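Me: Can you walk me through how some helices pack in this one? Keep it short, please.
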Amino acid sequence: MRRFGRTLVTAALAVTLVGGTAGWASGDSQTAVTGPPPGTDAWQADTVSGRSLPDPATTAPREVAAFFAGLDDAARHRLLRSHPLVVGNLEGAPLPLRYEANRIAVAATGEARYASLAAPGRQILAFDPRGRGQVVEVFGDLERSEHVSVIVPGSDNDAAGYDTRRKPATGPAGMARSLREATGAESGTGSGSGSGGSLAVVAWIGYTTPVGVGLDAADGRLARAGAARLARFTAGLDAVGAPDPVLFCHSYGSVVCGLAARHTDAADIVAFGSPGMRADTAAALRTGARVWAARGPSDWIADVPNVEFAGIGHGVDPTSAAFGARRVPAADVEGHTGYFVPGTQSLAAFATIAKGAAR
């Protein structure tokens, strides 16, 4: 009974903190964007060479890959011109086709906030303008790289603000560029020429993230929706022959990764600045991946109560001994977003993990 009382008090504290009465920023409640991409109805009403097109909602990425392998170039390009939003978001479709489809889809919105995503050389692997928008970008040559890393970000990330100027090495794109540079691969967006070294990094804003640090950030609702999309994304990587990825999961993104872990074929999962992964231990994630965790000494995430009660809170601190993750050194990390800053211990360790060289 005494233990139950302590749990209630701790849960009440978590709700109070998340509600903003302790000085936290409040956030607006978000509606998760789920399901197949816009234009799916028109896509399914179409055919190619008398064949039905794969259902984006139910067809496995490997089956999608097999479908496109059976088409000639003319048929493929006819589909991308007619259905760019579907082809651009279809896991298992050929990567160059998706890049081209998303350039068309971005331009078709006519919205200035997305215009930079269609610039020459950008490798936009997914683009969905619904809600605040979702975007996935590839840095390096995903078709030929020996190693692939995926940045899974937390709150306040979307397609509309993706190219907003930020401090160097922060934000999904900044983290991706910094990681490639730290591994010796060339920086920049790459052109698919194979000149970017043996590591490709994906900045993945493939889910609806919370806004601010409010109830959405303390709840698992958006993370559950994101986990399903992350699992399908990694299945899509597998379908096109990419190596098993390393997932770098920041803040609320680590909640997404925790829920998706057992449904992915990730080689490593790295949680940093994490409020919890909705599991009591690394073993409870039920993944074959190695699980790593990092937290800097001035990261405010340390003030978040590590509880999960009535759906609020995300559970055990992944950097605690009880959780059982491998620790990543982060003693020189400043703040909540400084983990990829050049020269930090954390970035050096991340680069080693990304190259598959960590022991």
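This is a predicted model: local features need pLDDT of at least 70, side-chain atom pairs count only at pLDDT 80 or more; totals for chains, interfaces and linings use all residues.

Me: At what angle do H4 and H6 cross?
Reply: Roughly 30°, with the axes of H4 (residues 73-82) and H6 (residues 95-109) coming within 9 Å. H4 and H6 are therefore roughly parallel. Axes are lines fitted to C-alpha atoms, for helices over the stretch in contact, and angles run from 0 to 180 degrees between N-to-C directions. Helices are DSSP runs (H or I, at least four residues), numbered from the N terminus.

Me: Which residues in H4 and H6 meet?
Reply: Arg76, His77 and Leu80 of H4 meet Leu97, Glu100, Ala101 and Ile104 of H6. Contact means heavy atoms within 4.5 Å. That contact has four nonpolar residues, one polar and two charged.

Me: New topic. How do H3 and H9 cross?
Reply: At roughly 40°, and the axes of H3 (residues 61-69) and H9 (residues 221-239) come within 8 Å. So H3 and H9 are oblique to each other.

Me: And which residues meet in H3 and H9?
Reply: From H3, Pro61, Arg62 and Ala65; from H9, Arg232, Ala235, Gly236, Asp238 and Ala239. They divide into four nonpolar, one polar and three charged. Here Ala, Val, Leu, Ile, Met, Phe, Trp, Tyr, Cys and Pro count as nonpolar, Asp, Glu, Lys and Arg as charged, and the others, Gly among them, as polar.

Technical notes:
Residues are numbered from 1 along each chain as its sequence is written. Side-chain values use heavy atoms; hydrogens and water are left out. Helices (H or I, at least four residues) and strands (E, at least two) are DSSP runs, numbered from the N terminus. Angles under 35 degrees count as roughly parallel, over 145 as roughly antiparallel, 65 to 115 as roughly perpendicular and the rest as oblique.
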